Amino acid sequence: MRYKDMSSAEFPIGETDAKRIMHIALPIGSGSNLMGSDVLEVMGNVTEDDNRNTISISAQSREEADKLFNGLSAGGRIEMPIADGPLGSYFGMFADKFGVEWMVDFTQS
């Protein structure tokens, strides 16, 4: 999925960022994916720190997503508070106190 695929009046995406990859997934087993995304221009210059790995966790409920997000982000830096997102999932991003990047989401079936 590219960033242009989620662009709307409510969530506009600039022309430069529209072609960048928002989500790409490589299945690595039953129910597990290795995921990646490009860094948006609005986040500033891309540095070596921006070429990072991110761990993505798909929770089984909103409550589990909140517990994971709040517990793992304690003492870290929240990049995107967990909330209902434009693509229908409950989603948040943060770096934990050790600098490890995380994404937590829950999508209602």
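Where is serine 89 found? In this predicted model, local features need pLDDT of at least 70 and side-chain atom pairs count only at pLDDT 80 or more, whereas totals for chains, interfaces and linings use all residues. Residues are numbered from 1 along each chain as its sequence is written, and side-chain values use heavy atoms, with hydrogens and water left out.

Serine 89 lies in the loop between S4 and S5; strands are DSSP runs of E with at least two residues, helices runs of H or I with at least four, numbered from the N terminus. Its relative accessibility of 14% makes serine 89 buried (under 20% relative accessible area; exposed is over 50%, partly exposed in between; 1.4 Å probe, protein chains only). Residues up to four places away in sequence aside, serine 89 touches Ala83, Asp84, Asp105, Phe106 and Thr107, contact being heavy atoms within 4.5 Å.

Ala65, Phe69 and Ser73 are the buried residues of H2. They cover an arc of only 30° around the axis and therefore lie on the same side of H2, the arc being that of the directions from the helix axis to the C-beta atoms. An α-helix has 3.6 residues a turn, so residues three or four places apart point the same way. The buried residues of H2 pack against strand S4 (77-84), strand S5 (90-95) and strand S6 (101-106). Just after H2, glycine 75 adopts a positive phi of about 80°.
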